[in-house]
Amino acid sequence: KSAEQNLVKTSRSYLATPPDWLSDRAKKEYSRLYHAMKDMDMLGDLDANNLAAYCEAFDNYLTATEDIQTNGLTIVADGEHIENPTVALQIKYAKEMREFGKQCGLSIDSRLKFASAKLEKIEENIAEEFGDI
């Protein structure tokens with residue numbers, strides 16, 4: 001697994017800077033996540049768009065949440081109470097966050113898989129160095 005990871009590692013030359021096309025709140029989240037994850041050595045430049053897409057979905061999710069907090073779960077349209085259409089948007093962006101988050105290692109499962117591979121490499125190095133002691 002560690003050999004596979006080494007084969008697909010990419011550079012990290014521009015990963016530290018959020019893309020210009022992100023909203024301000026998404027840029028802040030991108031920077032926060034980058035700094036939280038940079039020492040884990042999980043992400044590379046090829047992951048930048050997935051991380052950015054996660055952050056944009058995060059911003060859209062918060063925007064929908066703020067609308068629901070302001071206007072409620074239901075609204076009045078044509079004299080009837082109906083579900084606030086923003087609820088569907090909130091659900092959509094929550095799903096997007098989960099999908100992009102998995103790809104970027106933001107879920108506990110993806111981090112555990114990464115840690116398992118790292119631990120395996122450490123154990124192999126110890127076995128190589130000390131043999132059957």
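**Helix packing in a predicted model**

Among contacts in the protein between residues at least 6 apart in sequence, 64% join residues at least 24 apart. The structure under discussion is a predicted model. The protein has 133 residues, and 31% of them count as buried. Its secondary structure consists of five helices and two strands, and along the sequence these elements follow the pattern α-α-α-β-β-α-α.

The mean pLDDT of the protein is 82, with 71% of its residues reaching 70 or more. By element, the lowest confidence belongs to helix H1 (residues 2-8), which has a mean of 44, whereas H3 has the highest, at 96. Over residues 1-8 the pLDDT stays under 50, and for this stretch the model has eight contacts beyond four places in sequence.

The packing of helices may now be examined. Two packed helices are described by the angle between their axes and the distance between the axes. The discussion begins with helix H2 (residues 24-37) and helix H3 (residues 48-71), whose axes come within 8 Å and cross at roughly 130 degrees. Because of this angle, H2 is oblique to H3. Their crossing is right-handed. On the H2 side, the contact is made by Arg25, Ala26, Glu29, Tyr30 and Leu33. The residues contributed by H3 include Leu51, Tyr54, Phe58 and Leu62, and also Glu56, Asp59 and Glu66. Sorted by class, the contact of H2 with H3 comprises ten nonpolar, one polar and five charged residues.

H3 also packs against helix H4 (residues 85-104), at an angle of about 155 degrees and with the axes 8 Å apart. An angle over 145 degrees counts as roughly antiparallel, and H3 and H4 are therefore roughly antiparallel to each other. The crossing of H3 and H4 is left-handed. Among the H3 residues that make this contact are Asn50, Ala57, Tyr61, Ala64 and Ile68. H4 contributes residues including Val87, Leu89, Tyr93, Met97 and Phe100. By class, the contact of H3 with H4 has 15 nonpolar, seven polar and two charged residues.

Technical notes: Residues are numbered from 1 along each chain as its sequence is written. This is a predicted model: local features need pLDDT of at least 70, side-chain atom pairs count only at pLDDT 80 or more; totals for chains, interfaces and linings use all residues. Side-chain values use heavy atoms; hydrogens and water are left out. Axes are lines fitted to C-alpha atoms, for helices over the stretch in contact, and angles run from 0 to 180 degrees between N-to-C directions. Helices (H or I, at least four residues) and strands (E, at least two) are DSSP runs, numbered from the N terminus. Angles under 35 degrees count as roughly parallel, over 145 as roughly antiparallel, 65 to 115 as roughly perpendicular and the rest as oblique. A crossing is left-handed if the near helix is turned anticlockwise from the far one by less than a right angle, and right-handed if clockwise. Contact means heavy atoms within 4.5 Å. Ala, Val, Leu, Ile, Met, Phe, Trp, Tyr, Cys and Pro count as nonpolar, Asp, Glu, Lys and Arg as charged, and the others, Gly among them, as polar. pLDDT is the predictor's confidence in each residue, from 0 to 100. Buried means under 20% relative accessible area, exposed over 50%, partly exposed in between (1.4 Å probe, protein chains only).
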